[in-house]
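Hello,

Here is the structure I promised to pass on to you. Have a look at it first, and then read my notes below.

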Amino acid sequence: MTDKFIADLHKGHELNMLAKTEEMLAAYDDVIDLSVGDPDMTTPAPIIEAAYRDSLAGHTHYTAFRGDPALRAQIVAYYKEEYDVDIADEEVFVVTSANMGMFVALFTCLNPGDEVLIPDPCFPVYMDQIRFCRARAVPVPTYEEERFRFNPARAREFVTEKTKALIINTPCNPTGACMNLSDMREIADFAKEFDLLVIADDIYTSMSYQEPFVPIISLPGMKERTITINSTSKNFVMTGYRLGWNIAPAYLADAMRKTNDLMVFTAPAPSQRAALYALAHRHELMPAVMDEFRERVCKTAERINAIPRLSVLPPMGTFYLFVNIKETGLSSEEFVYQVLEKAHVLLMPGTAFGAAGEGYVRIACTRSVEELTKATERIQSAGL
Ligand SMILES: Cc1ncc(COP(=O)(O)O)c(C=O)c1O
């Protein structure tokens, strides 16, 4: 195949393991897929019905550029009620998903050659998005011994005069790590010392099992240097709605609007109405779903820890488990291929999330407890 008309940036942009899963799933007809971060649950029916009702009532158009005013007001109320953070309407910017929110933020803020510190392992899309902005992602390793928290003392070694921003993600995909108040304070001090923009990917906030989630914008002096990325994908099991929001100082929200205009104008109106309903009714709709995720990760972690040569930290957050496979003597990729072949279970190698993921595999507890049980039994029988 020719690549004659393709931009240089795309060349050498290999599909990573996340994108190869379709092929791997087709290998056997009874594969249990624990590779994807898209839960098996359908969005709660009242949210779907609200989107339908509001569409029939005429919410089928472009909305205001920064998002439906009713949704923006609900987002402002959400941060006040959940975290006692005051956000002004001009600081809210509705986008089509966290993925898009991150790209819009990076595209709006980065100049060619700028460097962005990212945790390693991390959600791999960050690296390519930064590269597509002609900037450079600088991975800062995180370690199991430090419960995979982003360690500012280590990050200092990676700061140069080109460092402009730092991405944090807590609760974290893929490690499940959660940073507590004192971790966040250290990160805030670090960002202020080096005058960095912080981009906080806060999309798993409801899945914080041990300690409450602390938004970095709630810490003194951080709102003016932070872009918060959020979405309904995980906290409201609404991945297909493609709806999120960025919170940023008004001048940055305004600049992001210009970037967003070039791509989509506005997020889909029905999805915005769905998000409005989801946020307003979160207390009645979501606790049962979050309890289900907690049960899945806790039970699966127990089973994994009972398998010789595998271990995992007690679940802290998200629906992911980052399993240490070092004692098997296999690389992450070898382990994944062997588990697929011998157990017909599809996992993600830790290296799909960065070099520091070697020696680990990610289990996404996005299937039922029964399927997760079957999968762990099969993995145990594979005897790796
Ligand atoms: C850490 C992280 N950020 C962003 C995303 C993208 O989320 P969205 O569906 O809102 O684009 C994901 C999806 O898995 C994720 O894990």
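Leu9, Thr43 and Met316 supply 25% of what domain 1 buries against domain 2, more than any other three residues.

Before going on, please keep in mind that this is a predicted model: local features need pLDDT of at least 70, side-chain atom pairs count only at pLDDT 80 or more, and totals for chains, interfaces and linings use all residues. Residues are numbered from 1 along each chain as its sequence is written, and side-chain values use heavy atoms, with hydrogens and water left out.

The two domains

Domain 1 covers 8-43 + 286-382, and domain 2 covers 45-281; these bounds come from an automatic or database domain assignment. Taken over C-alpha atoms, their centres are 25 Å apart. In domain 1, 36 residues are in contact with 38 residues of domain 2, where contact means heavy atoms within 4.5 Å.

What kinds of polar link join them? There are 17 residue pairs in polar contact between domain 1 and domain 2 (both residues at pLDDT 80 or more). A polar contact is a pair of N or O atoms within 3.5 Å; within protein, one must be able to donate a hydrogen and the other to accept it, and residues adjacent in sequence count only if both atoms are side-chain atoms. Helix 11 gives the most to the side of domain 1 that touches domain 2, with five residues. Helices (H or I, at least four residues) and strands (E, at least two) are DSSP runs, numbered from the N terminus.

The ligand

Around the ligand there are 14 residues, and Asn173, Asp201, Tyr204, Ser233 and Arg242 come nearest; a residue counts as near if one of its heavy atoms lies within 4 Å. Ligand oxygen atoms also lie 2.8 Å from a polar backbone atom of Ala98 and 2.9 Å from one of Asn99. For Ser97, an N or O atom in the side chain is 3.4 Å from a ligand oxygen.

Most residues other than glycine have a negative phi, and most peptide bonds are trans. Ser97, in the loop between strand 2 (92-95) and helix 4 (98-109), has a positive phi of about 95° although it is not a glycine. The peptide bond from Asn173 to Pro174 is cis, with omega near 20°, and Pro174 sits in the loop between strand 5 and helix 7.

Best wishes

Terms used. Buried area = accessible area lost by both parts, 1.4 Å probe.
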